[in-house]
Amino acid sequence: MAHRQKVFVTRSDYPEKGIRMLREKYDVEIYPHPLHCPVEYMLEHIRGASALFCISFDKIGKEVIEAAGPQLKIIVTFSLGYEHIDVDECRRRGIVVCNSSNPVSVSVVAEFTVGLLLAVARKIAPAAGAVQRNEWSEIWSPSWYLGRGLTNATVGIVGMGRIGQAVLERILPFGVSKVFYYDLHKPIAAAEAKGAEYAPFEDLLKNSDFVIATCNLCPESAGLFDHRAFSIMRPHAVFVNTSRGGVVVQEALIDALKTNRIRGAGIDVMYPEPLPREHELASLPNIVITPHIAAAEEIAMEELGLVCARNIVEVLEGRAPLTPVY
């Protein structure tokens, strides 16, 4: 009987369909807890693995790659981002790296982004909290939790990739008056065909009622939203970030919110994650913070797991991967 190749999986709570696919073909070893896999455990148990199935907060550097051994052929991550993997080291060793990009995730992140925007702008989240705190004492008041919606608003989208374009498609039916976009690559014909207009970054900030960050984290975008960026936004602007925490200088965001330089913010990504309870961001009344769950939707999670599994099967059976990152 031929020797079955080994797949090491870094946690026990990945969706079952993808793991079941792998078990049918390979010896699958799983860290037996729905928690972050300690590096010491990974270094010991990855030995002999032909494939590694990891997630964005598993740091996959040279030490882990060497511990696996020369038979390691592929690393897949249950995430769109792959900054946690030493891609250069993998390239030197001929190891394939794949993320779990898929159309379902793009859709659910886009719909979550719009939902987060509305939760802040229409004050849905704080108003719901007021009911839970038994602060609802009048039938109605014209100024209580008064928000501003998307109708006739100008929206700026920073990062017009697949998620940015999906957000664009979802906000147009709200009757926005104009959508600006900024991206390192321009023009983006698909976005402009839907009515979006390219604007330099500072012009977008100066002219938008809502600013949405959907860009990748790269050297050009790291710290893009700094003190200057928030200082030139409109005083009633709402900022939403579902991209990466590193595109924002958090001290600048805190200052803008504390001084009411902008109206509010909604963020699903930040640093550190998890955000400590005593962190100043968590104490501000004009921000809605969610715990990095923009892609946390049942169908999307199942598809992510299947994409990871299919990438492993393709590479271990000598075929091209579905979603390589290089």
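Strands here are DSSP runs of E at least two residues long, and helices are runs of H or I of at least four, both numbered from the N terminus. Two strands pair if DSSP finds at least two bridges between them.

You're looking at a predicted model, where local features need pLDDT of at least 70, side-chain atom pairs count only at pLDDT 80 or more, and totals for chains, interfaces and linings use all residues. Residues count from 1 along each chain as its sequence is written, and side-chain values use heavy atoms, leaving out hydrogens and water.

**Stop one: the sheet.** Select the open sheet of five strands, which pair in parallel in the order β2-β1-β3-β4-β5. Its edges are β2 (27-30) and β5 (96-98), each pairing on one side only. Now pick β1 (residues 6-9) and β3 (residues 49-54): four bridges join them. One to click on is Phe 8, whose bridge partner in β3 is Leu 52.

**Stop two: a helix on the sheet.** Show α1 (residues 16-23), which packs on the sheet and touches β1, β2 and β3. Touching, or contact, means heavy atoms within 4.5 Å.

**Stop three: the core.** A nonpolar core is a set of buried Ala, Val, Leu, Ile, Met, Phe, Trp, Tyr and Cys residues joined through side-chain atoms within 4.5 Å; buried means under 20% relative accessible area (1.4 Å probe, protein chains only). The largest one has 32 residues, and Val 158 and Phe 230 are among those with the most contacts inside it. Finish on Met 233: leaving aside residues up to four places away in sequence, Met 233 touches Leu 205, Val 211, Phe 225, Phe 239, Arg 261 and Ile 262.

Terms used
Axes are lines fitted to C-alpha atoms, for helices over the stretch in contact, and angles run from 0 to 180 degrees between N-to-C directions. Buried means under 20% relative accessible area, exposed over 50%, partly exposed in between (1.4 Å probe, protein chains only).
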